[in-house]
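Hi there,

Here is the structure I promised to pass on to you. Have a look at it first, and then read my notes below.

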Amino acid sequence: MNNSSSIGEVAIDIIHNISNTIDNDEITVRGSFPRSHTKESSVDPTDIGLLKHKRQSPHEDLFLCNRDLEKNKISSYNLKGENNRFVILLDDDDCDGINEMRRWQESDENNSKTMEDIIEKFKNRYKVADALARILYNDPFPDFILKFKNEIADDISTNTSIRNQFELLLLKTGLIVEHEDDSILKNFTYLKVWVPFYKLCDAADQMRLKVRLITKDNQIICKQKVEKNRLHQFFTKSFLRHINHQKRSAFFKKDRLREFEGADLEKEWSHIALNFWKGSRRNLLAQHLIINANVIQRKVQSADLNIPNFYQKQRIRQFSIENLLNQEVYVGFFPLHDGLLNKGSNTEPRNQRTFLYRNWVKSSDFQPLDEVRDYFGEKYGMYFAWLGLYTTWLLVATILGCITVLYGLIVVASKSYFKNGVAGISLIWDNALTFPFAVVMSIWGTCFLESWKRYNAALVHDWDLGEFEEEEQLSPDFNGTAIRQSMITSKQELYYPLQKRYKKLFFTSSVIVISMGIVLLTIGSLLTFSRFWFHEGVWNNVLASLVNLVTVLIMDVAYFYIAKWLTQVENHRTLASYEG
């Protein structure tokens, strides 16, 4: 099998594939790049720019620029009336669509046409109508942001070339990108990534996300129950989570969109395109598309004659998000909040962020876990669910501990044990209730563990996480080196052989053992050398403590990077196994 190549060869291949994909006679590359690349033009730059390769423009309202695919020399024009915004499009239809949408928008003298109206108008003609409409109306919430530092026009670095190539990969993925200069920090530019609705659906279908189905009666059972009293309600909400047995979920299928919650038949398409995927789900899908933009199809040759050659998805590591951030090609990669934070309590919260601030951050009520999950994702929702339950159980332990200490104080005060010095004061914690408290705490630990198992199972059911690990996608850093037939799909796939994995596990285990030896050697050295300054008296303990503190701080930083490096060396197949 020969499926390996250098980073340089792979980078050349991907740029060559992109160049060949763009037909010189049919397809044009449109848009704009940073203003430092803009050339002087006698044409009035008041419309969407057109980047074209070897073909005359049939559009009268677009402006022709030249682009060298090999040297990545790009000329750009800005959006009409906005000198700090530059949109990049890759398809003829997209450029036709955004100009047609603009003309239709400007034909309304009363400015009564909304974003929803323009999406409904052009939904059947342009599949990216929702993303283009958001750009035209300057939606303040793009799907993702990449931040980079501007270079001087006369000193364009290698990062600019890499950045342009990566943005071409984003365009080939079906995304729309836009540059906007930072109005405050003039030396930074934000790359705004807009994901069309159909691409979000494609990603959800590929990732096999579970989505709630439309049901006739989707009421939560716990709301139908009549609470007996406030005490019963407190313990029910504190230690239990009621399960919605009536909810139904299924793997998302884009051709059956209307069967899922949020895409009812009575809802307009514009409402579905803008609101079906929202919150953490939309961020997850957009991130999935961006981090997989560096995936290409490569022909894999097998050494086994019985296995025919096939095309396999492989990653160009030079264009991975982690690598781009480490090389400072981009200095930021993040989604945005869903709006400004309104800390006042007199008005209704206009976004989920304000709702969580009022009902979670500044509230003493129970955690709104479902809203936390919708905004931050299942991973953080699970963490705060565990933290909340653990804190609740700690209240029980706190009450028992206070009773034990209070009993000790009463005993010491009544019998004047304070006169006995430290031995008498120790009875505050070491009294007749200390042993029963220790026994109860051992039972408490088991009860908490079983309570969390039950609570966790309820969350897994309600949040549709039961088959998460089975359906999880490959990690972006996974590197398969051999071919086998999948036992599930019966298709050929790349995998990492167990022998190589065991070798790496042996290597990582050896590093861990050496690290433990360093710790033991450090402790032994402190005990040995402390004898040399034993005559220093009280300074002996101070000096030993300082040396120990410095050692711990240094080793803590070193172990952090060593642990991260060793985990990457192990080449985990999924993110769950990587984080586990």
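**What I found**

In strand E12, the bridge partner of Ile145 is Phe334. Helices (H or I, at least four residues) and strands (E, at least two) are DSSP runs, numbered from the N terminus. Before going on, please keep in mind that this is a predicted model, where local features need pLDDT of at least 70 and side-chain atom pairs count only at pLDDT 80 or more, while totals for chains, interfaces and linings use all residues. Residues are numbered from 1 along each chain as its sequence is written, and side-chain values use heavy atoms, with hydrogens and water left out.

**The overall picture**

The protein has 20 helices and 14 strands. Of its 580 residues, 39% count as buried (under 20% relative accessible area; exposed is over 50%, partly exposed in between; 1.4 Å probe, protein chains only). Among contacts (heavy atoms within 4.5 Å) with a separation of 6 or more, 66% are between residues 24 or more positions apart.

**The sheet**

Back to Ile145: this residue also stands opposite Lys192 in E7. Two strands pair if DSSP finds at least two bridges between them. Five of the six residues of E5 are buried.

Put together, five strands form an open antiparallel sheet in the order E4-E6-E7-E5-E12. Its edge strands, each pairing on one side only, are E4 (85-88) and E12 (332-334). On average, neighbouring strands are turned by 20° against each other, direction ignored. Helix H10 packs on this sheet, touching E5 (144-149), E7 and E12, and its direction makes about 50° with that of E5. Axes here are lines fitted to C-alpha atoms, for helices over the stretch in contact, and angles run from 0 to 180 degrees between N-to-C directions.

Where does Leu285 sit? Leu285 is found in H10 (residues 279-291), and is buried, with a relative accessible area of 0%. Leaving aside neighbours within four places in sequence, Leu285 is in contact with Leu200, Ala203, Ala204, Met207, Leu209 and Trp277. Met207 is 78 residues away along the chain, yet the two C-alpha atoms are separated by 8.6 Å.

The axes of H6 and H10 come within 9 Å and cross at roughly 85°. That makes H6 roughly perpendicular to H10 (65 to 115 degrees; under 35 is roughly parallel, over 145 roughly antiparallel, the rest oblique).

**The cores**

A nonpolar core is a set of buried Ala, Val, Leu, Ile, Met, Phe, Trp, Tyr and Cys residues joined through side-chain atoms within 4.5 Å. Which residues have the most contacts inside the largest one? They are Phe166, Phe252, Phe276, Trp277 and Ile290, in a core of 46 residues. E5, H5 (158-173), E7, H6 (197-207), H9 (269-275), H10 and H11 (321-326) each supply at least two residues of this core. Apart from it lies another core, of 20 residues, including Met101 and Ile176.

Enjoy exploring!
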